[in-house]
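Hi there,

Here is the structure I promised to pass on to you. Have a look at it first, and then read my notes below.

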Amino acid sequence: MTAFALAWRTARRYRARAVLAVAGVAVIGALNFDMLLLSRGLMLSFADLVNSTGYDIRISGGSGGPLSRQPIDNATPTMKEIGALPEIAAVAFMRTATAAAIRPTRPPEGLELIGSSDPAGLGIWKQVAGSTLDGAGGDVSLPPAVISRPMAERLNLTIGSTLGVRVRLAGELSAMPAVSLRVTGVADFPFESQNAFVVATTMEGFARAHGGVLNDQAEFMFARSRPSAGPDAAAAAIAKLRPDLRAFSNEQLVANFAKNAFAYFRQISVVLSTTTAAFSFLLVATLLTVSVNQRLGEVAALRALGIARRKIAATLLWESALLVGLGGLFALPLGQLLAMVLDRILRRMPGLPAGLHFFVFEPQSLVLHAAVLAATAVVAAIYPMWLAVKLPIAQTLRQETVS
Amino acid sequence: MRVLALIAVVAATLGAAPAGPPDILVSRQLLARAHLAIGDVVTLAGDSSGARARRFRVAGVYEPTPDPMKFNVERIEARLHLDDLLSLASDGTDPAWADAISVINVNLKNSSDPASATAFSRSLSARTPFIFAAPTRDQASTTFLVIDRFHTAIAVVTVIGSTAFLLALMVIRAEERKETVGVLRLIGISSRTIMTEVIVEGLLVAIAGAVVGVLIAAGAQHFVNLIFQARYDTTLVFMRVSRTIAMRSIVVAVPVGVVAGAVASWTLLRRGTSALVRR
């Protein structure tokens with residue numbers, strides 16, 4: 001009989017304890033797996049988010065950080081200047097303002113108004129219904145608007161509806177009159193928080209909402225590099241052309257995000273994955289040790305029958321591998337389920353972009369999870385194996401017989 | 001260029017300014033980073049190009065108030081008199097600038113009542129349409145409420161794992177004492193007494209585990225705080241084992257112990273006495 005078969009029989013014989021050990025490893029393994037997903041989840045999710053825009057360079061004001069919204073002055077000539085670079089395929093910019101949806105006999109509802117120079121929206125929204133800002137529908141004399149899904153659902157707005165929007169001016173002792181926009185599309189805005197009311201319109205519509213008077217600034221400017229140049233070379237070309245601006249490729253932006261943002265979750269994932277690995281080790285090592293202590297007579301008898309020490313040790317190693325391996329396998333679906341629950345909890349954080357997730361699967365996490373469990377199985381089996389191979393056969397058998 | 005946070009304070013807090021450059025306070029982090037000393041004269045500018053630069057004297061150093069929302073932000077800050085900040089930041093194009101402020105912090109008399117802050121902010125917003133007022137307590141607490149729920153969920157999962165662990169141990173212990181229990185049953189000890197004994201044992205193991213866990217956490221909190229405070233250069237307390245948390249851990253251990261003990265005793269007592277004594 002092989003060592004594996006012997007280990008399998010032992011596990012089947014002591015079924016209750018084996019099932020409980022597998023359950024314990026599965027639960028703790030699920031937590032460990034989740035912490036591995038958390039350690040890089042935000043960064044991967046953020047990378048997905050920025051890469052989904054269709055633009056691979058982000059340009060901000062010179063004194064601002066890559067994630068802050070520093071306005072760029074003289075946005076229109078700047079956009080043309082950058083667009084003329086041979087490394088650049090396209091440039092677009094957008095502006096944002098705090099506004100309110102105005103409805104008759106209803107209190108105003110706060111919203112974020114976005115003005116986009118790109119009718120397709122620079123990739124900051126994903127169309128759900130209707131069309132982009134190019135679309136027809138409703139009163140064509142009104143500026144078009146693409147609105148967020150939660151807003152459409154809560155305010156019962158459909159394609160062709162007319163929406164009143166009043167801009168709130170920060171730091172100004174004046175109030176703007178409301179303007180009407182026609183809804184041409186409904187979309188998900190992954191960069192905005194989950195239930196946010198968002199209205200995107202053209203730059204003309206944005207200017208009209210500001211009474212037709214608007215300084216030529218941009219909060220965000222995006223550029224798309226030509227495939228022949230690549231984003232890094234294009235960003236360098238922009239930096240050379242306009243040293244007063246900052247240009248970041250998506251890769252640089254993600255690296256910066258990984259370095260500065262949500263450090264807390266990376267650290268807690270490291271602490272918890274280490275703790276859970278230690279907990280799994282303790283669980284399996286204790287169970288195996290207690291189990292070997294309980295079966296000392298059995299082990300001594302096997303050795304007395306001529307079964308080699310190596311085989312006894314291999315049996316215990318297989319026993320450990322079975323408990324940890326089965327637990328680790330069950331940990332995967334359990335971890336996925338738990339990750340969904342934990343992600344739902346964390347995504348309730350105020351102001352978090354709807355498209356950002358904390359727990360993101362990648363093959364690397366699975367490999368690391370398997371490696372941690374394999375190491376746990378081996379380390380947990382060391383002491384019980386040592387107990388079994390160092391056992392004095394005659395003395396143990398005598399003690400077992402007497403007891 | 002590194003952004004320096006400038007915080008204006010009312011003039012009275014720094015006392016009367018002597019002749020020469022006006023006084024400023026710098027954060028401990030800025031003092032160390034810029035190799036400054038009390039009495040040094042420094043130049044601050046209103047923008048990154050160095051325009052509208054003015055000279056100030058470092059009158060003192062302060063420890064920034066720990067802020068959980070800014071724990072990973074380097075606190076490179078200086079505090080100026082309000083009029084000094086206004087003149088430093090103004091480009092001279094807006095005559096109203098000298099009389100403008102960004103934020104007013106209001107401390108309500110009954111600040112312990114969250115409803116009063118909401119009522120005050122609503123009332124102020126209604127009376128002054130160009131001022132936006134919001135309770136600060138709600139903004140900060142929502143984030144920490146979410147983090148608290150996240151930690152609670154992790155704690156629940158850990159407790160489930162611990163329960164399986166304890167159950168497995170108790171089952172092994174029960175199997176070990178199968179014959180002893182059989183003999184006890186034969187001499188007339190009731191099933192209920194044996195069951196109670198196993199449950200009490202499970203309970204004691206669980207409570208002892210919780211107490212040891214609390215002691216380990218209490219010992220670890222000092223090192224955790226030391227590591228994170230050094231990592232982020234802050235005085236913020238990252239981990240605190242409060243009496244409530246310790247009590248909660250012990251209270252959670254009670255049902256875990258009872259369940260483990262009950263299941264372990266059930267595995268013993270579901271068998272007949274003769275099976276227990278192998279007859």
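In this predicted model, the largest nonpolar core has 138 residues. If you want a way into it, start with A:V199, A:M221 and A:A223, the residues with the most contacts inside that core. Helix α2 of chain A, which covers residues 15-51, gives the most to this core, with 20 residues. Another core lies apart from it and has nine residues, including B:I24, B:L25, B:F56 and B:A78.

Leaving aside neighbours within four places in sequence, A:A223 is in contact with A:Y55, A:I57, A:I59, A:I82, A:I88, A:A90, A:V91, A:A234 and A:I238.

Next, the domains of chain A. Domain 1 is made of two pieces, 3-50 and 263-402, while domain 2 runs over 63-243. The C-alpha centres of these two domains of chain A are 50 Å apart. Where they touch, domain 1 of chain A and domain 2 of chain A each supply seven residues. On the domain 1 side of that contact, four residues are nonpolar, two are polar and one is charged.

How do the two chains meet? Here, 31 residues of chain A are in contact with 27 residues of chain B. On the chain A side, the elements giving two or more residues are α2, α8 (263-294) and α10 (309-346). That side of chain A has 22 nonpolar residues, seven polar ones and two charged ones.

Now for chain B on its own. Its secondary structure comes to eight helices and five strands, and along the sequence they follow the pattern β-β-α-β-β-β-α-α-α-α-α-α-α. Chain B has 279 residues, and 19% of them are buried. Take the contacts in chain B between residues at least 6 apart in sequence: 72% of these join residues at least 24 apart.

Finally, a word on confidence. For the complex, the predictor gives an ipTM of 0.73 and a pTM of 0.73. Chain B averages a pLDDT of 80, with 89% of its residues scoring at least 70. Over residues 1-17 of chain B, though, the pLDDT is below 50, and this stretch has 29 contacts in the model beyond near neighbours in sequence.

Happy exploring, and write back with any questions!

Best wishes

Note on methods. Residues are numbered from 1 along each chain as its sequence is written. Chains are lettered from A and ligands numbered from 1 in the order in which they are written. This is a predicted model: local features need pLDDT of at least 70, side-chain atom pairs count only at pLDDT 80 or more; totals for chains, interfaces and linings use all residues. A nonpolar core is a set of buried Ala, Val, Leu, Ile, Met, Phe, Trp, Tyr and Cys residues joined through C-beta atoms within 7 Å. A residue is buried if 20 or more other C-beta atoms lie within 10 Å of its own, exposed if 12 or fewer, and partly exposed in between; C-beta atoms are placed from the backbone. Helices (H or I, at least four residues) and strands (E, at least two) are DSSP runs, numbered from the N terminus. Two residues are in contact if their C-beta atoms, placed from the backbone, lie within 7 Å. Ala, Val, Leu, Ile, Met, Phe, Trp, Tyr, Cys and Pro count as nonpolar, Asp, Glu, Lys and Arg as charged, and the others, Gly among them, as polar. Domain bounds come from an automatic or database domain assignment. pLDDT is the predictor's confidence in each residue, from 0 to 100.
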